[in-house]
Amino acid sequence: MHKRIMMIKGDITHLPVDAIVNAARTSLRSGGGVSGAIHRAAGPKLKKLCQQQRHQQGACPTGHAVITDAGNLPSRKVIHAVGPVWRWGWRATLKQSQLASAYQNSLLLAVEHGLQTIAFPAISTGHYHFPRLLAARIAITTVRDFLKSNPVISQVIFVCFSERDAAIYQTSLDFYLKGEDDLC
Ligand code: ADP
């Protein structure tokens with residue numbers, strides 16, 4: 001059966017989906033990690049598109065997202081979503097809602113642009129140090145709830161770059177999608 005939410009282990013830059021999501025900075029400049037890989041694979045055109053976007057609309061605040069064409073990537077579009085930098089303590093609740101917003105705003109952009117297949121990396125879990133298990137829960141439950149009320153999106157793929165992330169996502173998907181037979 002066709003799965004609306006699934007997980008793969010691999011490199012997000014290889015996926016021929018409608019949109020891949022970039023774990024972007026507010027400046028929309030390429031960093032290391034997944035954004036470095038995306039910019040390398042997309043070529044210099046993506047840098048130009050991000051600069052244009054930045055000039056037109058300013059920085060992209062944490063929890064928000066913008067969309068550009070995808071340069072040389074096999075996907076049609078890139079959605080640049082800005083996740084939060086993790087902090088323990090009193091700011092942790094805010095960080096969790098900002099991560100949920102990053103996923104939600106990416107999906108809203110996809111719907112606005114008529115995009116049906118979207119691939120997400122584990123936003124904020126690299127240089128931004130978000131706890132991986134917590135980030136996976138937020139990613140999966142936010143996407144699950146969004147897809148229930150948005151039939152336009154036909155498939156969301158969580159792309160795990162390591163064995164460890166793949167194991168975390170597999171366990172979390174089994175748990176949070178239990179009984180959701182139309183999604184998994
Ligand atoms: P952030 O700054 O939001 O934490 P990072 O790029 O540092 O973003 O890391 C986010 C996640 O992306 C990490 O789990 C990292 O392992 C993963 N990642 C790095 N490169 C790739 C890639 N080519 N494809 C998919 N995921 C990747």
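**Exercise 1. Find which residues of the shell come nearest to the ligand.**

Solution. Step one: take the 17 residues around the ligand, where near means a heavy atom within 4 Å. Step two: pick out those that come nearest, namely Val34, Ser124, Thr125, Gly126 and His127. Step three: sort the shell by class, which gives seven nonpolar, six polar and four charged residues. Here Ala, Val, Leu, Ile, Met, Phe, Trp, Tyr, Cys and Pro count as nonpolar, Asp, Glu, Lys and Arg as charged, and the others, Gly among them, as polar.

The model is predicted: local features need pLDDT of at least 70, side-chain atom pairs count only at pLDDT 80 or more, and totals for chains, interfaces and linings use all residues. Residues are numbered from 1 along each chain as its sequence is written, and side-chain values use heavy atoms, leaving out hydrogens and water.

**Exercise 2. List polar contacts of the ligand's oxygen atoms (N or O pairs within 3.5 Å).**

Solution. Start with His127: a polar side-chain atom lies 2.7 Å from a ligand oxygen. Go on to Val34, where a polar backbone atom is 2.8 Å from an oxygen of the ligand. End with Asp165: an N or O atom of its side chain is 3.4 Å from a ligand oxygen.

**Exercise 3. Name the helix that gives the most to the shell around the ligand.**

Solution. Helices here are DSSP runs (H or I, at least four residues), numbered from the N terminus. Helix α1, residues 33-42, gives the most, with three residues. Now turn to the lining of the largest pocket: α1 gives the most there too, with four residues.

**Exercise 4. Describe the lining of the largest pocket by class.**

Solution. Count 11 nonpolar residues, then 10 polar and four charged.

How values were computed:
Polar contact = N/O pair within 3.5 Å; in protein donor to acceptor, adjacent residues only side chain to side chain. Helix = DSSP H or I, 4+ residues; strand = E, 2+ residues; numbered from the N terminus.
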